[in-house]
Amino acid sequence: MKSGDQNAIAELYDRYSSIVYAVALRVLGDTMGAEDVLQEVFLQLWRNPGAFDSARGNLAAWLAVIARNRAIDVLRRRKPETDIEDVIVSVAPDLAGNADRARASEKVRVVLQGMAPAHRAALEMAYFEGLSHSEIATKTGEPLGTIKTRIRAGLMALRKAFGT
């Protein structure tokens with residue numbers, strides 16, 4: 001394909017187009033959009049065949065990742081399906097809901113204060129700072145498995161406090 005052989009791209013299309021289409025369709029939920037992504041992915045492969053490095057993995061997985069990324073890009077470019085004028089916002093105060101949220105927040109605060117500092121810190125970084133498990137492990141210098149265990153234990157303690 002690097003030499004411009006059209007038969008090579010046709011063979012790759014026959015072999016991998018179903019994977020690319022399936023990934024795009026799964027992300028977009030739209031057949032026309034998935035077909036567009038399919039076309040874009042194979043055009044990209046035709047224009048720049050050197051972008052794929054067989055030493056880093058297989059072609060099917062690489063194409064699936066490219067398709068997923070392209071489909072996500074399509075989702076980001078889409079306009080919202082409802083106009084802001086069509087959205088109804090309730091302005092009536094929900095006093096019962098506010099009271100329930102306040103009680104739940106207080107319960108979470110108490111449970112967090114009762115946790116070991118390492119467990120609490122891992123949960124706070126994950127849920128309040130939005131860090132991934134890997135980012136927390138890097139930030140704290142702890143092994144990834146330890147971080148996952150701490151977060152799981154913390155969540156189990158919260159679940160137990162709420163009886164779920």
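Is Tyr127 buried or exposed? Keep in mind that this is a predicted model, then select the residue. Tyr127 is exposed, because its relative accessible area is 51% and the exposed label needs over 50%. You'll find Tyr127 in helix α5, which covers residues 117–127.

Next stop, helix α1. Select residues 6–28 and pick out Ser17 within that helix. With a relative accessible area of 14%, Ser17 is buried, since the limit for that label is under 20%. What does Ser17 touch, leaving aside its neighbours within four places in sequence? Show Leu12, Leu38 and Phe42, and you have its contacts.

Stay on α1 and bring in helix α3, residues 59–77. A pair of packed helices is described by the angle and the distance between the two axes. Here the axes of α1 and α3 come within 8 Å, crossing at roughly 35°, and the crossing is right-handed. To see who makes the contact, colour the α1 side, including Leu12, Tyr16, Ile19, Val20 and Val23. Then do likewise on the α3 side, where Leu63, Ala64, Ala67, Arg68 and Ala71 are among the residues involved.

Time for charges. How many salt bridges does the structure hold? The count is 6, and three of them are worth a stop.

- Select Arg70 and Glu40: their side chains form a salt bridge, at 3.1 Å from N to O. Arg70 sits in α3 and Glu40 in helix α2 (residues 31–47), so this pair ties together parts that are 30 residues apart in sequence. Arg70 is partly exposed at 25% relative accessible area, and Glu40 is partly exposed too, at 28%.
- Arg76 counts as exposed at 67% relative accessibility, whereas Asp73 is partly exposed at 32%.
- Finally, jump to helix α4, residues 95–114, and select Arg109 and Glu106, which lie 3 residues apart, about one turn of the helix. Their salt bridge brings the closest N and O atoms to 2.7 Å. Arg109 is partly exposed at 44%, and Glu106 is partly exposed at 40%.

Technical notes: Residues numbered from 1 in each chain as written. Predicted model: local features only at pLDDT ≥ 70, side-chain atom pairs only at ≥ 80, totals over all residues. Heavy atoms only, no water. Helix = DSSP H or I, 4+ residues; strand = E, 2+ residues; numbered from the N terminus. Buried < 20%, exposed > 50% of the residue type's maximum accessible area, 1.4 Å probe, protein only. Contact = heavy atoms within 4.5 Å. Axes fitted to C-alpha atoms, helices over the stretch in contact; angles between N-to-C directions. Left-handed = near helix turned anticlockwise from the far one by under 90°. Salt bridge = Lys/Arg side-chain N within 4 Å of Asp/Glu carboxyl O.
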